[in-house]
Amino acid sequence: MQKCNLAVDIGASSGRIIAGYLQHNKLVLDEIHRFENEMEEKNGHLCWDIDGLFQEIKTGLKKSVEQHYQPLTIGIDTWAVDFVLLDQDKNRITDAVAYRDHRTDGVMEEVFQLIDQKDIYHETGIQFQPFNTIYQLFALQKEKPDILAKAQYFLMIPDYLHYLLTGKITNEYTNATTTQLLKATNQTWHQDFLRKLNIPAHIFSEPSHPIQSIGSLTKDVQEEIGFNLEVVLPGTHDTASAVMAVPAQDTIYISSGTWSLMGVEHHEPISTSQAFDYNFTNEGGVHKNIRFLKNIMGLWMIQEVKREWNDQYSFAEFVELAYQASSFTSKVDVNDQRFLSPASMKQAIQHYCQETNQQVPKTAGEFAKCIYDSLVESYHHTAKEIEALTGKTYDSIHIIGGGSKNHYMNEKLAAVSKKTIYTGPGEATAIGNLLAQMMATGQIDSVEQSKRLINQSFAIKKF
Ligand code: ADP
Ligand code: LRH
(Lines give C-alpha, C1' and ligand atoms only; values in the text may rest on other atoms or scores of the structure.)
(Ligands and ions follow the chains in the order given, each with its own letter.)
Protein backbone atom coordinates (compact mmCIF):
# COMPACT_ATOMS: atom_id res chain seq x y z
CA MET A 1 0.00 0.00 0.00
CA GLN A 2 1.39 3.39 -1.01
CA LYS A 3 0.78 6.12 1.60
CA CYS A 4 -0.59 9.31 -0.02
CA ASN A 5 -2.48 12.56 0.41
CA LEU A 6 -5.68 13.07 -1.58
CA ALA A 7 -6.61 16.33 -3.31
CA VAL A 8 -10.22 16.84 -4.29
CA ASP A 9 -10.27 19.64 -6.86
CA ILE A 10 -13.66 20.55 -8.29
CA GLY A 11 -13.73 23.23 -10.97
CA ALA A 12 -16.83 24.61 -12.64
CA SER A 13 -16.37 22.15 -15.54
CA SER A 14 -14.99 19.00 -13.90
CA GLY A 15 -13.81 17.49 -10.65
CA ARG A 16 -10.91 15.16 -9.95
CA ILE A 17 -9.46 13.28 -7.04
CA ILE A 18 -5.70 13.00 -7.21
CA ALA A 19 -3.39 10.99 -4.99
CA GLY A 20 -0.02 12.61 -4.33
CA TYR A 21 3.13 11.37 -2.62
CA LEU A 22 6.83 12.22 -2.47
CA GLN A 23 9.35 9.86 -4.06
CA HIS A 24 13.04 10.55 -4.86
CA ASN A 25 12.59 14.32 -4.32
CA LYS A 26 9.64 14.43 -6.68
CA LEU A 27 5.93 14.92 -6.21
CA VAL A 28 4.16 12.00 -7.89
CA LEU A 29 0.51 12.44 -8.94
CA ASP A 30 -2.00 9.72 -9.76
CA GLU A 31 -5.52 10.56 -10.90
CA ILE A 32 -7.91 8.29 -8.98
CA HIS A 33 -11.27 9.58 -10.16
CA ARG A 34 -12.65 12.24 -12.53
CA PHE A 35 -16.22 13.42 -13.01
CA GLU A 36 -18.24 16.07 -14.82
CA ASN A 37 -19.56 19.11 -13.02
CA GLU A 38 -22.33 21.22 -14.47
CA MET A 39 -25.16 23.50 -13.45
CA GLU A 40 -28.78 22.37 -13.62
CA GLU A 41 -32.12 24.19 -13.33
CA LYS A 42 -33.74 23.58 -9.91
CA ASN A 43 -36.54 25.49 -8.17
CA GLY A 44 -36.23 28.28 -10.74
CA HIS A 45 -32.47 28.75 -10.30
CA LEU A 46 -29.26 27.42 -11.85
CA CYS A 47 -27.77 25.13 -9.19
CA TRP A 48 -24.87 22.76 -8.56
CA ASP A 49 -25.65 19.12 -7.79
CA ILE A 50 -24.00 19.34 -4.39
CA ASP A 51 -25.20 15.93 -3.14
CA GLY A 52 -23.94 14.33 -6.36
CA LEU A 53 -20.53 15.98 -5.83
CA PHE A 54 -20.33 14.56 -2.31
CA GLN A 55 -21.13 11.08 -3.69
CA GLU A 56 -18.27 11.49 -6.19
CA ILE A 57 -15.89 12.34 -3.33
CA LYS A 58 -16.88 9.17 -1.48
CA THR A 59 -16.51 7.17 -4.71
CA GLY A 60 -13.00 8.60 -5.07
CA LEU A 61 -12.14 7.68 -1.49
CA LYS A 62 -13.25 4.07 -2.08
CA LYS A 63 -11.39 3.87 -5.40
CA SER A 64 -8.17 5.09 -3.76
CA VAL A 65 -8.06 1.96 -1.59
CA GLU A 66 -9.04 -0.30 -4.49
CA GLN A 67 -6.07 1.21 -6.33
CA HIS A 68 -3.80 0.19 -3.43
CA TYR A 69 -3.34 3.55 -1.74
CA GLN A 70 -3.42 4.28 1.95
CA PRO A 71 -4.68 7.88 2.09
CA LEU A 72 -3.54 9.74 5.22
CA THR A 73 -5.25 13.07 4.59
CA ILE A 74 -7.76 14.65 2.22
CA GLY A 75 -8.50 18.31 1.37
CA ILE A 76 -11.12 19.88 -0.89
CA ASP A 77 -10.99 22.97 -3.09
CA THR A 78 -13.65 24.29 -5.46
CA TRP A 79 -14.60 27.45 -7.34
CA ALA A 80 -15.27 30.52 -5.16
CA VAL A 81 -18.21 32.69 -4.04
CA ASP A 82 -21.05 30.09 -3.85
CA PHE A 83 -22.49 28.90 -0.54
CA VAL A 84 -25.25 27.05 1.29
CA LEU A 85 -26.97 27.81 4.60
CA LEU A 86 -27.71 25.36 7.43
CA ASP A 87 -30.34 25.67 10.15
CA GLN A 88 -29.69 25.19 13.87
CA ASP A 89 -29.85 21.40 13.47
CA LYS A 90 -27.17 21.68 10.78
CA ASN A 91 -29.57 20.70 8.00
CA ARG A 92 -29.08 22.37 4.63
CA ILE A 93 -31.90 24.85 3.95
CA THR A 94 -30.79 26.27 0.57
CA ASP A 95 -29.91 24.82 -2.81
CA ALA A 96 -26.33 25.34 -3.90
CA VAL A 97 -27.27 28.14 -6.31
CA ALA A 98 -24.59 28.73 -8.95
CA TYR A 99 -22.94 32.09 -9.46
CA ARG A 100 -24.11 32.27 -13.08
CA ASP A 101 -27.75 32.22 -11.98
CA HIS A 102 -29.66 35.38 -12.84
CA ARG A 103 -30.73 36.07 -9.24
CA THR A 104 -27.99 38.68 -8.94
CA ASP A 105 -28.93 40.65 -12.09
CA GLY A 106 -29.00 44.34 -11.10
CA VAL A 107 -28.36 43.54 -7.41
CA MET A 108 -24.89 45.05 -7.27
CA GLU A 109 -26.37 48.46 -8.14
CA GLU A 110 -29.01 48.07 -5.40
CA VAL A 111 -26.28 47.35 -2.85
CA PHE A 112 -24.42 50.49 -3.94
CA GLN A 113 -27.52 52.47 -2.85
CA LEU A 114 -26.90 51.21 0.70
CA ILE A 115 -23.09 51.15 0.80
CA ASP A 116 -20.85 53.40 -1.25
CA GLN A 117 -19.13 51.36 -3.99
CA LYS A 118 -15.72 52.90 -3.24
CA ASP A 119 -16.10 52.01 0.46
CA ILE A 120 -16.73 48.39 -0.48
CA TYR A 121 -13.52 48.35 -2.50
CA HIS A 122 -11.36 50.19 0.00
CA GLU A 123 -12.57 48.06 2.91
CA THR A 124 -12.38 44.65 1.23
CA GLY A 125 -9.97 45.09 -1.71
CA ILE A 126 -12.15 42.71 -3.73
CA GLN A 127 -13.07 43.35 -7.38
CA PHE A 128 -16.67 43.88 -8.46
CA GLN A 129 -18.35 40.85 -9.94
CA PRO A 130 -22.14 40.71 -9.98
CA PHE A 131 -22.00 37.21 -8.48
CA ASN A 132 -19.83 37.94 -5.42
CA THR A 133 -21.34 36.35 -2.30
CA ILE A 134 -22.30 39.75 -0.89
CA TYR A 135 -24.72 40.27 -3.82
CA GLN A 136 -25.95 36.66 -3.75
CA LEU A 137 -26.79 36.99 -0.04
CA PHE A 138 -28.58 40.29 -0.65
CA ALA A 139 -30.58 38.67 -3.50
CA LEU A 140 -31.52 35.80 -1.17
CA GLN A 141 -32.53 38.22 1.58
CA LYS A 142 -34.93 39.90 -0.86
CA GLU A 143 -36.30 36.68 -2.33
CA LYS A 144 -36.53 34.50 0.80
CA PRO A 145 -36.04 36.49 4.02
CA ASP A 146 -37.53 33.56 6.00
CA ILE A 147 -34.61 31.35 4.95
CA LEU A 148 -32.02 33.83 6.19
CA ALA A 149 -34.01 34.22 9.41
CA LYS A 150 -33.78 30.45 9.95
CA ALA A 151 -30.10 30.21 9.00
CA GLN A 152 -27.53 29.41 11.65
CA TYR A 153 -24.47 28.56 9.57
CA PHE A 154 -23.01 30.01 6.35
CA LEU A 155 -20.79 27.53 4.52
CA MET A 156 -19.09 28.02 1.18
CA ILE A 157 -19.09 24.98 -1.14
CA PRO A 158 -15.80 23.40 0.06
CA ASP A 159 -16.67 24.26 3.69
CA TYR A 160 -19.93 22.36 3.24
CA LEU A 161 -18.21 19.34 1.67
CA HIS A 162 -15.67 19.37 4.53
CA TYR A 163 -18.61 19.55 6.95
CA LEU A 164 -20.25 16.50 5.34
CA LEU A 165 -16.98 14.59 5.81
CA THR A 166 -16.21 15.68 9.37
CA GLY A 167 -19.27 17.30 10.98
CA LYS A 168 -17.04 20.36 11.64
CA ILE A 169 -18.06 23.91 10.72
CA THR A 170 -15.33 26.08 9.19
CA ASN A 171 -15.15 29.22 7.07
CA GLU A 172 -11.82 28.79 5.30
CA TYR A 173 -9.98 32.08 4.85
CA THR A 174 -8.88 32.18 1.16
CA ASN A 175 -12.39 31.41 -0.07
CA ALA A 176 -13.98 33.72 2.53
CA THR A 177 -12.09 36.66 0.99
CA THR A 178 -14.04 36.15 -2.27
CA THR A 179 -17.34 36.96 -0.51
CA GLN A 180 -16.38 40.68 -0.58
CA LEU A 181 -17.48 40.70 3.07
CA LEU A 182 -14.10 40.32 4.83
CA LYS A 183 -12.19 43.35 6.04
CA ALA A 184 -8.81 43.52 4.29
CA THR A 185 -7.15 45.01 7.38
CA ASN A 186 -7.88 42.28 9.93
CA GLN A 187 -9.62 39.45 8.02
CA THR A 188 -12.81 39.63 10.08
CA TRP A 189 -16.39 39.73 8.76
CA HIS A 190 -17.48 43.28 8.04
CA GLN A 191 -20.14 43.85 10.72
CA ASP A 192 -21.16 47.23 9.39
CA PHE A 193 -21.77 45.96 5.82
CA LEU A 194 -23.71 42.98 7.18
CA ARG A 195 -25.93 45.25 9.27
CA LYS A 196 -26.59 47.63 6.36
CA LEU A 197 -27.61 44.68 4.15
CA ASN A 198 -29.68 43.00 6.85
CA ILE A 199 -27.61 39.81 6.71
CA PRO A 200 -27.34 38.09 10.12
CA ALA A 201 -23.77 38.26 11.41
CA HIS A 202 -24.05 35.15 13.61
CA ILE A 203 -24.08 32.78 10.60
CA PHE A 204 -20.37 33.42 9.96
CA SER A 205 -17.55 31.89 11.96
CA GLU A 206 -14.04 33.26 12.41
CA PRO A 207 -12.08 32.47 9.22
CA SER A 208 -9.82 29.39 9.52
CA HIS A 209 -6.43 29.55 7.86
CA PRO A 210 -5.31 26.72 5.56
CA ILE A 211 -2.58 24.18 6.40
CA GLN A 212 -4.29 22.76 9.48
CA SER A 213 -6.23 19.62 10.31
CA ILE A 214 -9.94 20.04 10.98
CA GLY A 215 -10.60 16.51 12.19
CA SER A 216 -11.28 12.98 11.06
CA LEU A 217 -14.26 11.46 9.23
CA THR A 218 -17.66 11.11 10.88
CA LYS A 219 -18.68 7.60 11.99
CA ASP A 220 -21.23 7.44 9.13
CA VAL A 221 -18.69 8.26 6.44
CA GLN A 222 -16.17 5.85 7.98
CA GLU A 223 -18.75 3.06 7.89
CA GLU A 224 -19.65 3.81 4.29
CA ILE A 225 -16.10 3.96 2.89
CA GLY A 226 -14.49 1.50 5.29
CA PHE A 227 -11.61 3.56 6.72
CA ASN A 228 -10.71 6.81 8.46
CA LEU A 229 -8.35 9.69 7.60
CA GLU A 230 -7.65 13.29 8.59
CA VAL A 231 -9.24 16.20 6.75
CA VAL A 232 -6.74 19.03 6.21
CA LEU A 233 -7.66 22.53 5.05
CA PRO A 234 -5.90 23.50 1.81
CA GLY A 235 -6.56 26.88 0.19
CA THR A 236 -10.18 25.87 -0.46
CA HIS A 237 -10.53 28.54 -3.14
CA ASP A 238 -9.24 26.68 -6.22
CA THR A 239 -7.37 29.75 -7.45
CA ALA A 240 -5.54 30.05 -4.10
CA SER A 241 -4.38 26.44 -4.43
CA ALA A 242 -3.44 27.00 -8.09
CA VAL A 243 -1.31 30.05 -7.28
CA MET A 244 0.65 27.93 -4.76
CA ALA A 245 1.72 25.78 -7.70
CA VAL A 246 3.05 28.57 -9.94
CA PRO A 247 6.62 27.35 -10.55
CA ALA A 248 8.26 30.78 -9.97
CA GLN A 249 7.64 33.71 -7.64
CA ASP A 250 8.55 36.91 -9.47
CA THR A 251 6.27 36.40 -12.46
CA ILE A 252 2.81 37.13 -13.81
CA TYR A 253 0.60 34.03 -13.71
CA ILE A 254 -2.57 33.02 -15.52
CA SER A 255 -4.56 30.27 -13.87
CA SER A 256 -6.34 29.16 -17.03
CA GLY A 257 -9.51 27.08 -16.75
CA THR A 258 -13.18 27.98 -16.80
CA TRP A 259 -11.92 31.45 -15.80
CA SER A 260 -8.57 33.05 -16.55
CA LEU A 261 -7.20 34.49 -13.32
CA MET A 262 -4.29 36.74 -14.20
CA GLY A 263 -2.09 38.49 -11.65
CA VAL A 264 0.89 38.39 -9.32
CA GLU A 265 1.63 37.38 -5.73
CA HIS A 266 1.97 40.47 -3.55
CA HIS A 267 2.84 41.10 0.08
CA GLU A 268 0.05 43.62 0.73
CA PRO A 269 -3.25 44.70 -0.89
CA ILE A 270 -3.23 47.32 -3.66
CA SER A 271 -6.60 49.05 -3.41
CA THR A 272 -5.74 52.38 -4.99
CA SER A 273 -8.26 54.25 -7.15
CA GLN A 274 -6.38 53.00 -10.23
CA ALA A 275 -6.79 49.39 -9.05
CA PHE A 276 -10.49 50.18 -8.50
CA ASP A 277 -10.77 51.61 -12.03
CA TYR A 278 -9.06 48.54 -13.53
CA ASN A 279 -11.20 46.31 -11.27
CA PHE A 280 -8.37 44.25 -9.77
CA THR A 281 -8.89 42.05 -6.75
CA ASN A 282 -6.84 41.36 -3.61
CA GLU A 283 -7.77 37.81 -2.63
CA GLY A 284 -6.25 36.08 0.37
CA GLY A 285 -3.38 33.68 -0.33
CA VAL A 286 -2.57 30.42 1.43
CA HIS A 287 0.48 31.94 3.13
CA LYS A 288 -1.43 35.09 4.12
CA ASN A 289 0.04 36.81 1.06
CA ILE A 290 -2.20 38.60 -1.44
CA ARG A 291 -3.33 37.25 -4.79
CA PHE A 292 -3.50 40.48 -6.75
CA LEU A 293 -5.33 39.53 -9.92
CA LYS A 294 -8.12 40.06 -12.39
CA ASN A 295 -10.91 37.67 -13.43
CA ILE A 296 -11.01 37.30 -17.20
CA MET A 297 -14.01 35.47 -18.73
CA GLY A 298 -11.78 32.55 -19.69
CA LEU A 299 -12.29 29.25 -21.48
CA TRP A 300 -15.89 29.09 -20.30
CA MET A 301 -16.60 30.67 -23.68
CA ILE A 302 -15.19 27.71 -25.64
CA GLN A 303 -16.76 25.25 -23.17
CA GLU A 304 -20.16 26.70 -24.02
CA VAL A 305 -19.51 26.70 -27.78
CA LYS A 306 -18.31 23.08 -27.51
CA ARG A 307 -21.50 22.15 -25.67
CA GLU A 308 -23.67 23.91 -28.27
CA TRP A 309 -21.77 21.91 -30.92
CA ASN A 310 -22.98 18.77 -29.11
CA ASP A 311 -19.42 17.94 -28.03
CA GLN A 312 -18.65 16.99 -31.63
CA TYR A 313 -15.08 18.32 -31.21
CA SER A 314 -12.67 17.88 -28.31
CA PHE A 315 -10.80 20.85 -26.80
CA ALA A 316 -7.66 19.73 -28.64
CA GLU A 317 -9.63 19.67 -31.93
CA PHE A 318 -10.94 23.19 -31.36
CA VAL A 319 -7.30 24.32 -31.05
CA GLU A 320 -6.43 22.69 -34.41
CA LEU A 321 -9.54 24.22 -36.03
CA ALA A 322 -8.46 27.67 -34.78
CA TYR A 323 -5.11 27.31 -36.62
CA GLN A 324 -7.01 26.41 -39.80
CA ALA A 325 -9.26 29.50 -39.60
CA SER A 326 -6.21 31.73 -40.01
CA SER A 327 -7.93 34.42 -42.13
CA PHE A 328 -10.66 35.08 -39.54
CA THR A 329 -9.83 38.16 -37.44
CA SER A 330 -12.96 39.29 -35.53
CA LYS A 331 -12.52 39.82 -31.78
CA VAL A 332 -14.84 40.45 -28.85
CA ASP A 333 -14.40 42.10 -25.45
CA VAL A 334 -14.35 38.90 -23.41
CA ASN A 335 -15.22 40.73 -20.20
CA ASP A 336 -18.49 42.06 -21.62
CA GLN A 337 -21.12 40.83 -19.13
CA ARG A 338 -23.23 39.38 -21.96
CA PHE A 339 -20.81 36.43 -22.00
CA LEU A 340 -21.26 35.58 -18.29
CA SER A 341 -24.44 33.51 -18.60
CA PRO A 342 -25.96 33.81 -22.10
CA ALA A 343 -28.77 31.55 -23.33
CA SER A 344 -26.50 30.83 -26.33
CA MET A 345 -22.77 31.68 -26.32
CA LYS A 346 -22.62 31.28 -30.11
CA GLN A 347 -25.38 33.84 -30.60
CA ALA A 348 -23.90 36.21 -28.01
CA ILE A 349 -20.58 36.20 -29.92
CA GLN A 350 -22.32 36.59 -33.28
CA HIS A 351 -24.38 39.56 -32.06
CA TYR A 352 -21.28 41.24 -30.65
CA CYS A 353 -19.52 40.90 -34.02
CA GLN A 354 -22.58 42.22 -35.88
CA GLU A 355 -22.88 45.23 -33.55
CA THR A 356 -19.21 46.09 -34.01
CA ASN A 357 -19.32 45.65 -37.81
CA GLN A 358 -16.98 42.69 -37.86
CA GLN A 359 -17.21 39.44 -39.78
CA VAL A 360 -19.62 37.08 -37.99
CA PRO A 361 -18.20 33.62 -37.06
CA LYS A 362 -20.04 30.59 -38.44
CA THR A 363 -17.71 27.59 -38.38
CA ALA A 364 -16.32 25.90 -35.27
CA GLY A 365 -12.81 27.08 -36.21
CA GLU A 366 -13.96 30.69 -36.58
CA PHE A 367 -15.61 30.64 -33.16
CA ALA A 368 -12.51 29.07 -31.60
CA LYS A 369 -10.13 31.56 -33.22
CA CYS A 370 -12.36 34.50 -32.22
CA ILE A 371 -12.45 33.34 -28.57
CA TYR A 372 -8.71 32.52 -28.32
CA ASP A 373 -7.58 35.73 -30.06
CA SER A 374 -9.91 37.79 -27.88
CA LEU A 375 -8.65 36.16 -24.68
CA VAL A 376 -5.03 36.68 -25.71
CA GLU A 377 -5.74 40.35 -26.43
CA SER A 378 -7.28 40.66 -22.97
CA TYR A 379 -4.22 38.95 -21.37
CA HIS A 380 -1.89 41.37 -23.16
CA HIS A 381 -3.89 44.36 -21.97
CA THR A 382 -4.12 42.99 -18.41
CA ALA A 383 -0.34 42.43 -18.26
CA LYS A 384 0.12 46.13 -18.97
CA GLU A 385 -2.36 47.02 -16.22
CA ILE A 386 -0.50 44.78 -13.76
CA GLU A 387 2.78 46.49 -14.60
CA ALA A 388 1.20 49.94 -14.19
CA LEU A 389 -0.38 49.00 -10.84
CA THR A 390 2.66 47.31 -9.32
CA GLY A 391 5.23 49.68 -10.86
CA LYS A 392 7.23 46.64 -12.00
CA THR A 393 8.12 45.10 -15.34
CA TYR A 394 7.74 41.35 -15.66
CA ASP A 395 9.70 39.30 -18.20
CA SER A 396 7.58 36.19 -18.02
CA ILE A 397 4.05 34.86 -17.79
CA HIS A 398 3.39 31.41 -16.29
CA ILE A 399 0.20 29.72 -17.52
CA ILE A 400 -1.12 26.91 -15.32
CA GLY A 401 -4.30 24.81 -15.34
CA GLY A 402 -6.10 22.92 -18.13
CA GLY A 403 -5.88 25.94 -20.47
CA SER A 404 -2.06 25.73 -20.44
CA LYS A 405 -2.46 22.91 -23.01
CA ASN A 406 -3.77 25.39 -25.59
CA HIS A 407 -0.58 25.86 -27.63
CA TYR A 408 -2.34 28.16 -30.11
CA MET A 409 -2.98 30.68 -27.32
CA ASN A 410 0.46 30.14 -25.77
CA GLU A 411 2.23 30.91 -29.07
CA LYS A 412 0.01 33.89 -29.75
CA LEU A 413 0.57 35.37 -26.27
CA ALA A 414 4.34 34.96 -26.61
CA ALA A 415 4.17 36.83 -29.93
CA VAL A 416 2.02 39.76 -28.78
CA SER A 417 3.39 40.24 -25.27
CA LYS A 418 7.07 39.72 -26.17
CA LYS A 419 7.43 38.00 -22.80
CA THR A 420 8.60 34.45 -22.19
CA ILE A 421 5.59 32.21 -21.73
CA TYR A 422 6.02 29.15 -19.49
CA THR A 423 3.23 26.58 -19.37
CA GLY A 424 2.28 23.91 -16.85
CA PRO A 425 1.59 22.22 -14.62
CA GLY A 426 -1.91 21.48 -15.95
CA GLU A 427 -3.11 20.17 -12.60
CA ALA A 428 -1.77 23.15 -10.66
CA THR A 429 -4.81 23.43 -8.40
CA ALA A 430 -4.65 19.84 -7.20
CA ILE A 431 -0.88 20.25 -6.71
CA GLY A 432 -1.36 23.36 -4.54
CA ASN A 433 -3.99 21.51 -2.54
CA LEU A 434 -1.56 18.59 -2.00
CA LEU A 435 1.32 20.94 -1.08
CA ALA A 436 -0.83 22.45 1.70
CA GLN A 437 -1.59 18.97 3.06
CA MET A 438 2.09 18.03 2.88
CA MET A 439 3.00 21.18 4.80
CA ALA A 440 0.38 20.44 7.45
CA THR A 441 1.79 16.91 7.86
CA GLY A 442 5.44 18.01 8.01
CA GLN A 443 6.53 16.51 4.66
CA ILE A 444 7.40 19.96 3.23
CA ASP A 445 8.58 22.83 5.37
CA SER A 446 8.88 25.94 3.23
CA VAL A 447 7.45 27.75 0.23
CA GLU A 448 10.91 27.59 -1.40
CA GLN A 449 10.97 23.82 -1.02
CA SER A 450 7.49 23.54 -2.55
CA LYS A 451 8.50 25.67 -5.59
CA ARG A 452 11.66 23.56 -6.02
CA LEU A 453 9.57 20.43 -5.87
CA ILE A 454 7.23 21.66 -8.62
CA ASN A 455 10.17 22.43 -10.92
CA GLN A 456 11.76 19.04 -10.24
CA SER A 457 8.53 17.10 -10.75
CA PHE A 458 6.71 18.58 -13.74
CA ALA A 459 7.73 19.43 -17.30
CA ILE A 460 7.37 23.19 -17.76
CA LYS A 461 7.27 24.21 -21.45
CA LYS A 462 8.68 27.49 -22.78
CA PHE A 463 7.23 29.56 -25.66
P1 ADP B 1 -11.70 24.24 -14.28
O2 ADP B 1 -10.99 23.49 -13.20
O3 ADP B 1 -11.74 25.71 -14.06
O4 ADP B 1 -13.05 23.68 -14.57
P5 ADP B 1 -9.54 23.20 -16.00
O6 ADP B 1 -8.31 23.68 -15.33
O7 ADP B 1 -9.89 21.75 -15.91
O8 ADP B 1 -10.83 24.07 -15.62
O9 ADP B 1 -9.40 23.60 -17.53
C10 ADP B 1 -10.41 23.32 -18.44
C11 ADP B 1 -10.06 23.96 -19.77
O12 ADP B 1 -8.83 23.45 -20.24
C13 ADP B 1 -11.07 23.65 -20.86
O14 ADP B 1 -12.06 24.66 -20.93
C15 ADP B 1 -10.22 23.62 -22.13
O16 ADP B 1 -10.36 24.82 -22.86
C17 ADP B 1 -8.79 23.45 -21.65
N18 ADP B 1 -8.23 22.17 -22.13
C19 ADP B 1 -8.31 20.98 -21.51
N20 ADP B 1 -7.68 20.02 -22.24
C21 ADP B 1 -7.19 20.62 -23.34
C22 ADP B 1 -6.45 20.19 -24.49
N23 ADP B 1 -6.09 18.92 -24.65
N24 ADP B 1 -6.11 21.12 -25.42
C25 ADP B 1 -6.48 22.41 -25.27
N26 ADP B 1 -7.19 22.88 -24.23
C27 ADP B 1 -7.54 22.02 -23.27
C1 LRH C 1 -12.16 29.82 -10.65
C2 LRH C 1 -12.91 30.67 -9.66
C3 LRH C 1 -12.47 32.13 -9.70
C4 LRH C 1 -13.70 32.81 -9.20
C5 LRH C 1 -14.77 32.04 -9.94
C6 LRH C 1 -16.14 32.12 -9.37
O7 LRH C 1 -12.60 28.49 -10.64
O8 LRH C 1 -12.79 30.18 -8.36
O9 LRH C 1 -11.31 32.41 -8.93
O10 LRH C 1 -13.72 34.17 -9.36
O11 LRH C 1 -14.29 30.69 -9.99
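## Domains

The C-alpha centres of domain 1 and domain 2 lie 25 Å apart, where domain 1 covers residues 2–233 and domain 2 covers residues 246–424, with bounds that come from an automatic or database domain assignment. The model is a predicted one, in which local features need pLDDT of at least 70 and side-chain atom pairs count only at pLDDT 80 or more, whereas totals for chains, interfaces and linings use all residues. Residues are numbered from 1 along each chain as its sequence is written, while chains are lettered from A and ligands numbered from 1 in the order in which they are written.

Between the domains, 20 residues of domain 1 are in contact with 18 residues of domain 2, two residues being in contact if their C-beta atoms, placed from the backbone, lie within 7 Å. On the side of domain 1 that touches domain 2, α3 (117–124) and α7 (173–177) each supply at least two residues; helices (H or I, at least four residues) and strands (E, at least two) are DSSP runs, numbered from the N terminus. That side of domain 1 has eight nonpolar, ten polar and two charged residues, where Ala, Val, Leu, Ile, Met, Phe, Trp, Tyr, Cys and Pro count as nonpolar, Asp, Glu, Lys and Arg as charged, and the others, Gly among them, as polar.

The antiparallel strands β13 and β14 (residues 290–296) are joined by four bridges, and threonine 281 has leucine 293 of β14 as its bridge partner.

## The hairpin of β2 and β3

Strands β2 (residues 14–23) and β3 (residues 26–36) run antiparallel and are joined by ten bridges, with valine 28 of β3 as the bridge partner of tyrosine 21. The hairpin has two residues between the strands, and histidine 24 takes a positive phi near 50°.

## Packing of α1 and α6

Helix α1 (residues 50–66) packs with helix α6 (residues 157–166) at an angle of about 55°, their axes 11 Å apart; axes are lines fitted to C-alpha atoms, for helices over the stretch in contact, and angles run from 0 to 180 degrees between N-to-C directions. The contact joins Ile50, Leu53, Phe54 and Ile57 of α1 with Tyr160, Leu161 and Leu164 of α6, and its residues divide into seven nonpolar, no polar and no charged.

Definitions and conventions: Two strands pair if DSSP finds at least two bridges between them.
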